[in-house]
Amino acid sequence: MVVLGIETSCDETAAAVVSDSGILSDVVYTQTVHEAYRGVVPELAARAHAEKITAVTREALARAGVERPDAICATTGPGLIGALLVGATFARSLALGWGLPFVAVNHLEGHLLSPLLERPAPSFPFLGLVVSGGHTTLYLARALGEYEALASTVDDAAGEAYDKVARALSLGYPGGPLIDRLAATGDASAVTLPRPKLKGSDDLSFSGLKTAVRQRVESGLYRREDVAASFQEAVVDVLMDRVMRAVERTGVTQVALAGGVAANSALRARVVTLPGVTAFVPARSRCTDNGAMIANAGRLRLLAGQRDPLNTPVRPNWPLERL
Ligand code: KG4
Ligand code: ZN
């Protein structure tokens with residue numbers, strides 16, 4: 001089955017073609033219009049998606065050598081409502097025009113199942129750490145559509161914390177890759193930072209860490225690269241602590257990373273050293289938002305018999321536990 005997947009939930013306009021033999025094409029356009037604002041401006045995102053979606057989709061089909069796929073999938077949530085509407089409406093229109101089945105994909109399920117596109121791939125059940133700009137949750141993925149959140153952030157997402165710390169360090173946007181690069185030249189033990197823990201819960205909190213970093217920066221006592229490296233180490237420590245607790249609690253030893261922050265060098269390097277764990281780390285380009293992960297999740301749902309009506313609404317808030 002040849003599936004076209006369309007993703008426009010935030011600031012990437014993406015389309016990809018995935019078949020039974022793997023990814024045939026994966027085209028991602030990252031919007032640049034937000035850079036001046038150091039954060040995504042929803043209305044500008046929607047407009048830029050509307051401008052690019054046709055060209056990006058054409059390119060994905062052309063690169064795959066496919067004129068017409070067998071089915072069309074699109075992200076219908078969670079995400080920015082205007083941005084979601086562009087991709088979902090475009091995809092549903094294509095499905096209507098071509099008379100093809102349509103599947104509505106949850107963006108978080110796209111991330112969580114993205115490690116299945118890699119070789120070797122994890123098999124169910126596995127622990128999936130979804131760390132992105134909007135979400136940070138450790139899931140137990142039991143089977144397609146059966147996901148249990150074991151630990152979630154109660155405030156900032158990991159990527160959001162990266163972006164805010166980058167702002168404190170006067171770096172650009174998005175901050176994650178810039179901190180990652182700066183941290184490579186810093187000393188992770190130079191700045192003492194907290195590893196926030198919530199009483200009686202495995203949930204995560206990054207806001208205290210973010211504030212502590214801001215104070216260290218404002219003190220003027222530390223080198224920027226040392227702050228970046230120490231912050232990065234604290235984030236990785238906190239995330240890996242929850243992963244190890246989940247491994248002990250569930251007995252599941254396959255751990256997969258997903259989401260934009262999974263592109264982080266320190267996180268990728270650490271997860272493969274966890275004792276007793278088999279780690280699955282997707283290619284960097286498959287961590288940040290892309291169409292292949294949407295086509296992949298949609299394809300698995302199509303194979304399971306799912307078809308969604310063309311009037312399926314977009315859902316800006318759509319928890320993965322309620323699919
Ligand atoms: O998954 P994603 O592309 O979009 C959302 O669904 O949110 O994640 C974007 C987030 C941004 O906050 C960005 O700063 C972060 O992923 N990110 C990184 C790295 N690359 C992207 N964070 C840390 N290290 C990186 N190398
Ligand atoms: Zn994402």
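How many residues does helix H7 have, and how far does it reach from its first C-alpha to its last?

**Entry 1, helix H7.** I am working on a predicted model. I looked up helix H7 and found that it runs over residues 224–250, which is 27 residues. From first C-alpha to last it reaches 39 Å, close to the 39 Å expected at 1.5 Å a residue. I then checked what follows H7: it is Gly251, with a positive phi near 75°.

**Entry 2, aromatic pairs.** I searched the whole structure for aromatic pairs and got 2. In one, Phe124 and Phe126 have ring centres 5.5 Å apart and planes at 20°; planes under 30 degrees apart count as stacked, so I logged this pair as stacked. I looked up accessibility for both residues. Phe124 has 32% relative accessibility and counts as partly exposed, whereas Phe126 has a relative accessible area of 0% and is buried.

I next took Tyr162 and Phe231, an edge-to-face pair with 5.0 Å centre to centre and 70° between the planes. I placed Tyr162 in helix H4 (residues 158–168) and Phe231 in helix H7, so this pair ties together parts that are 69 residues apart in sequence. Both Tyr162 and Phe231 are buried.

I listed the protein donors of the zinc ion (ligand 2): NE2 of His107, NE2 of His111 and OD of Asp289. I noted where two of the residues sit: His111 is in helix H3 (residues 107–113), and Asp289 is in the loop between strand S10 (278–280) and helix H9 (291–303). The pair therefore ties together parts 178 residues apart in sequence.

Why is the arrangement around the zinc ion (ligand 2) irregular? I checked the angles subtended by the 4 donor atoms and found 94 to 142°. For four donors to count as tetrahedral, all angles must lie between 85 and 135 degrees, and the range of 94 to 142° makes this arrangement irregular.

Are His111 and Asp289 buried or exposed? I looked up each. His111 has 1% relative accessibility and counts as buried. Asp289, at 13% relative accessibility, counts as buried too.

I looked up the ring of Tyr29 and found the charged end of Lys52 sitting over it. The distance to the ring centre is 4.7 Å.

Note on methods. Residues numbered from 1 in each chain as written. Chains lettered and ligands numbered in written order. Predicted model: local features only at pLDDT ≥ 70, side-chain atom pairs only at ≥ 80, totals over all residues. Heavy atoms only, no water. Donors = N, O, S within 2.8 Å, 3.2 Å for Na, K, Ca; no water. Tetrahedral: all angles 85-135°; square planar, octahedral: opposite > 155°, others 65-115°. Helix = DSSP H or I, 4+ residues; strand = E, 2+ residues; numbered from the N terminus. Buried < 20%, exposed > 50% of the residue type's maximum accessible area, 1.4 Å probe, protein only. Expected span 1.5 Å × (residues − 1). Phe/Tyr/Trp six-rings, centres within 6.5 Å; stacked < 30°, edge-to-face > 60°. Lys NZ or Arg CZ within 6 Å of the ring centre and 35° of its normal.
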